[in-house]
Amino acid sequence: RVGREQLHQQLSIAKEREHSLRDYIDLLEQNRDEVEVELENARRDAEKNATLVENLETDVYEQKLALEEMANLLEEQQQVYAEAVAQMKDKPQSEQTDTDEVIASLAEENVRLKEEVALQIAMTTAMKVELQNALNELAELRR
């Protein structure tokens, strides 16, 4: 009789341990599933960020080209302005008014071009900051 009770008790303990282990296995499987979902979400985010970085790099490159073009235009305008000033010095006083008008319009165009270049530089700087932030975020996600 005592032997049977011990067997029952041991069987009961074994069943409790089995139940406990099964619960633990279920918990581990649930945790694994959650980690897989998080990993998949991180992969998707990394892909989105990679696309964002690519787009930002393209935008920065295009802005750089635009800046170079604006700088060339500004240089051309300054050259035209210098030529107009040189011609003005060579002309008689009666033609001075026309020359003054040309110089004034060229000076206005020069100011406008300088403002555009400054704006392009500011936009490029902002894009570089945004690109660096995206790169940092991507690096963080890869960790």
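Student: Why is Glu116 called partly exposed rather than buried or exposed?

Tutor: Glu116 has a relative accessible area of 30%. Buried means under 20% and exposed means over 50%, with partly exposed in between. The value of 30% falls between those limits, so Glu116 is partly exposed. Please keep in mind that this is a predicted model.

Student: Where is Glu116, and which residue forms a salt bridge with Glu116?

Tutor: Glu116 sits in helix 2, and the partner in the salt bridge is Arg112.

Student: How do you know that Arg112 and Glu116 form a salt bridge?

Tutor: Their closest N and O atoms are 1.9 Å apart. The rule asks for a side-chain nitrogen of Lys or Arg within 4 Å of a carboxyl oxygen of Asp or Glu. A distance of 1.9 Å is within 4 Å, so the pair qualifies. Both residues lie in helix 2, four residues apart, which is about one turn of the helix. Arg112 is partly exposed as well, with a relative accessible area of 36%.

Student: What makes Arg44 and Glu40 a salt bridge?

Tutor: The N to O distance between their side chains is 3.9 Å. The limit is 4 Å, so this pair counts too. Arg44 and Glu40 are four residues apart in helix 1, and therefore about one helical turn separates them. Arg44 has 41% relative accessibility and Glu40 has 33%; each is partly exposed, because these values lie between 20% and 50%.

Student: How many salt bridges are there in the whole structure?

Tutor: A search of the whole structure gives seven. One of them joins Asp33 to Arg32, with the closest N and O atoms 3.4 Å apart. Those two residues also belong to a network of salt bridges that links Arg32, Asp33 and Glu36.

Student: What makes Thr124 buried?

Tutor: Thr124 has 6% relative accessibility. That is under 20%, so Thr124 counts as buried. Thr124 is found in helix 2. Leaving aside neighbours within four places in sequence, Thr124 is in contact with Gln63 and Leu67.

Student: Why is the pair of Thr124 and Gln120 a polar contact?

Tutor: A polar atom of the Thr124 side chain lies 2.9 Å from the backbone oxygen of Gln120. The limit for a polar contact is 3.5 Å, so the distance of 2.9 Å is within it.

Student: Why is Gln63 called buried?

Tutor: Gln63 has a relative accessible area of 14%. This is under 20%, and therefore Gln63 is buried. Gln63 is part of helix 1. With neighbours within four places in sequence left aside, Gln63 is in contact with Gln120, Met123, Thr124 and Met127.

Student: How do you know that Leu113 is buried?

Tutor: Leu113 has 3% relative accessibility. As this is under 20%, Leu113 counts as buried. Leu113 lies in helix 2, and residues that Leu113 touches are Met70, Leu73, Leu74 and Gln77, not counting residues up to four places away in sequence.

Student: Which residues make up the largest nonpolar core?

Tutor: There are eight: Ala46, Val53, Leu56, Val60, Met127, Leu131, Ala134 and Leu138. The elements that give two or more residues to this core are helix 1 and helix 2 (96-142).

Definitions and conventions. Residues are numbered from 1 along each chain as its sequence is written. This is a predicted model: local features need pLDDT of at least 70, side-chain atom pairs count only at pLDDT 80 or more; totals for chains, interfaces and linings use all residues. Side-chain values use heavy atoms; hydrogens and water are left out. A nonpolar core is a set of buried Ala, Val, Leu, Ile, Met, Phe, Trp, Tyr and Cys residues joined through side-chain atoms within 4.5 Å. Buried means under 20% relative accessible area, exposed over 50%, partly exposed in between (1.4 Å probe, protein chains only). A polar contact is a pair of N or O atoms within 3.5 Å; within protein, one must be able to donate a hydrogen and the other to accept it, and residues adjacent in sequence count only if both atoms are side-chain atoms. Contact means heavy atoms within 4.5 Å.
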